[in-house]
Amino acid sequence: MKNGFKRIIPSVVNSFLTPFFTVLVAASLAILVIGPIATWGADFIGFIFMGIYELSPVIFGALVGGLWQLLVMFGLHWGLAPIGILQISEQGFTPILSNSGSASFGVLGVLLAIIVKN
């Protein structure tokens with residue numbers, strides 16, 4: 001995309017307008033295409049995990065604890081976070097956020113082991 005703009009834009013303003021139009025096109029694609037797809041993916045993840053919770057809370061806890069960091073990397077944890085907040089407001093507790101917290105402590109343990117080893 002960047003090379004296409006370099007061919008079209010005159011060399012006098014190329015250093016300013018090429019990045020501008022590149023960001024303009026990329027941001028538009030992100031908002032109009034990637035954003036809705038990621039939202040649908042997060043909703044689907046939330047639906048699947050709540051179905052697993054209804055089936056077996058133990059399996060749900062193991063999956064959320066094991067997959068939380070992967071979900072965060074791709075931004076799909078936003079399918080579960082609103083459900084957890086809603087559960088706190090309605091029931092006073094949530095299994096989602098407690099299991100996701102255990103994943104964070106697992107990462108902390110790995111980090112401390114690396115620090116101690118080095």
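## Helix H2 against helix H3

Axes are lines fitted to C-alpha atoms, for helices over the stretch in contact, and the angle between two of them runs from 0 to 180 degrees between N-to-C directions. In this predicted model, the axes of H2 and H3 come within 7 Å and cross at roughly 155°. Angles over 145 degrees count as roughly antiparallel, so H2 and H3 are roughly antiparallel to each other. Their crossing is left-handed.

From H2, the contact draws on Ile45, Phe49, Ile52, Tyr53 and Leu55. H3 answers with Pro57, Ile59, Phe60, Leu63, Val64, Leu67 and Leu71. By class, the contact of H2 with H3 holds 12 nonpolar residues, no polar and no charged.

## Helix H3 against helix H5

H3 spans residues 57–74 and H5 spans residues 95–117. Their axes come within 8 Å and cross at roughly 50°. That angle makes H3 oblique to H5. The crossing of H3 with H5 is right-handed.

On the H3 side, the residues in contact are Phe60, Gly61, Val64, Gly65, Trp68 and Gln69. They meet Pro95, Ile96, Asn99, Ser100, Ser102, Ala103, Ser104 and Val107 of H5. This contact divides into 7 nonpolar, 7 polar and no charged residues.

## The nonpolar core

In soluble globular proteins, nonpolar side chains tend to be buried together. Here the largest nonpolar core has 11 residues in all. Its members are Ile45, Phe49, Met50, Ile52, Phe60, Val64, Trp68, Leu71, Leu80, Ile96 and Ala103. Helix H2 (14–55), H3 and H5 each supply at least two residues of this core.

Phe60 and Val64 belong to the core. Both are listed in the H3 contact with H2, and both are listed in the H3 contact with H5.

## Trp68 and Gly61

Trp68 is a core residue and takes part in the contact of H3 with H5. Leaving aside neighbours within four places in sequence, Trp68 is in contact with Leu63, His77, Leu80, Ser100 and Ala103.

Is Gly61 buried or exposed? Its relative accessibility is 16%. Buried means under 20%, so Gly61 counts as buried. Gly61 and Phe105 are 44 residues apart in sequence. Their C-alpha atoms are 14 Å apart in space.

Definitions and conventions: Residues are numbered from 1 along each chain as its sequence is written. This is a predicted model: local features need pLDDT of at least 70, side-chain atom pairs count only at pLDDT 80 or more; totals for chains, interfaces and linings use all residues. Side-chain values use heavy atoms; hydrogens and water are left out. Helices (H or I, at least four residues) and strands (E, at least two) are DSSP runs, numbered from the N terminus. Angles under 35 degrees count as roughly parallel, over 145 as roughly antiparallel, 65 to 115 as roughly perpendicular and the rest as oblique. A crossing is left-handed if the near helix is turned anticlockwise from the far one by less than a right angle, and right-handed if clockwise. Contact means heavy atoms within 4.5 Å. Ala, Val, Leu, Ile, Met, Phe, Trp, Tyr, Cys and Pro count as nonpolar, Asp, Glu, Lys and Arg as charged, and the others, Gly among them, as polar. A nonpolar core is a set of buried Ala, Val, Leu, Ile, Met, Phe, Trp, Tyr and Cys residues joined through side-chain atoms within 4.5 Å. Buried means under 20% relative accessible area, exposed over 50%, partly exposed in between (1.4 Å probe, protein chains only).
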